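Hello,

Here is the structure I said I would hand over. My notes on it follow below.

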Amino acid sequence: MIRRFGNTPEKGRTYSRRPGVYALLPRNGRLLVTCQHDPGPDIQLPGGGIDPGESPLPALHREVHEETGWKIAFPRKLGVFRRFAYMPEYDLWAEKICHIYIARPLRRVGPPLEPTHQALWMDTEHAIQELGNAGDRHFATLLADQL
């Protein structure tokens with residue numbers, strides 16, 4: 001069974017299953033995270049949905065680049081969790097299956113491609129406090145314990 005973080009699913013509500021990939025990107029005691037400004041500011045691990053027909057690792061590289069403008073290397077899967085959430089950008093209630101990776105941030109190749117995202121470097125402990133969902137905070141805490 002996949003561990004759940006956050007809200008319990010509401011009875012009678014239909015949720016669409018949405019697999020996604022997300023990255024912990026540590027460097028020198030800091031994490032590269034993204035702030036999604038729309039619909040409101042939310043600090044997140046870079047990542048997002050796996051498109052139909054897409055494999056997880058290409059999706060991870062694509063999503064990190066779109067949301068941060070960075071290229072990454074050597075992704076390694078740490079775990080998975082699920083959460084039930086409303087996704088206003090899609091007007092969708094989703095069971096998000098979140099595959100978490102750790103990777104090395106290589107270089108910034110430009111600004112984020114998604115206009116509502118801003119790449120931020122945060123001290124790891126500060127990032128843990130600011131991450132917008134409990135699953136992201138859990139995996140960032142596991143990483144911090146290893147550093």
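N28 lies in the loop that joins β2 (26-27) to β3 (30-36). Please keep in mind that this is a predicted model. The phi of N28 is near 50 degrees, a positive value although the residue is not a glycine. Most residues other than glycine have a negative phi. N28 counts as exposed because its relative accessibility is 74%, and the cut-off for exposed is over 50%.

D91 also has a positive phi, of about 50 degrees, and is not a glycine either. D91 sits in the loop between β6 and β7. With a relative accessible area of 59%, D91 is exposed.

Next, the sheet. Four strands make up an open sheet with mixed pairing, in the order β5-β1-β7-β6. At its edges are β5 (47-49) and β6 (70-87), each of which pairs on one side only. On average, neighbouring strands of this sheet are turned by 20 degrees against each other, with direction ignored. Strands of a sheet pair through backbone hydrogen bonds, either parallel or antiparallel. For β1 (residues 16-24) and β7 (residues 92-108) the sense is parallel, and the pairing covers nine bridges. Within β7, K96 is the residue that stands opposite R18.

Two helices pack on this sheet. Helix α1 (residues 56-68) touches β1, β5, β6 and β7, and its direction makes about 85 degrees with that of β6. Helix α3 (residues 134-146) touches β1, β6 and β7; the direction of α3 makes about 145 degrees with that of β6.

Which residues have the most contacts inside the largest nonpolar core? They are L24, L31, V33 and I100, in a core of 20 residues. At least two residues of this core come from each of β1, β3, β7, α2 (124-130) and α3. The element that gives the most is α3, with four residues.

Leaving aside neighbours within four places in sequence, L31 is in contact with L24, L25, P26, L120, W121, M122, T124, A127, A140 and L143. There is also a second, separate core, which has 12 residues and includes L25, A59, V64 and I72.

If you open the model, two places to start are the loop between β2 and β3, where N28 is found, and the loop between β6 and β7, where D91 is found.

Regards

Technical notes: Residues numbered from 1 in each chain as written. Predicted model: local features only at pLDDT ≥ 70, side-chain atom pairs only at ≥ 80, totals over all residues. Heavy atoms only, no water. Pairing = 2+ DSSP bridges. Axes fitted to C-alpha atoms, helices over the stretch in contact; angles between N-to-C directions. Contact = heavy atoms within 4.5 Å. Buried < 20%, exposed > 50% of the residue type's maximum accessible area, 1.4 Å probe, protein only. Core = buried A, V, L, I, M, F, W, Y, C linked by side-chain atoms within 4.5 Å.
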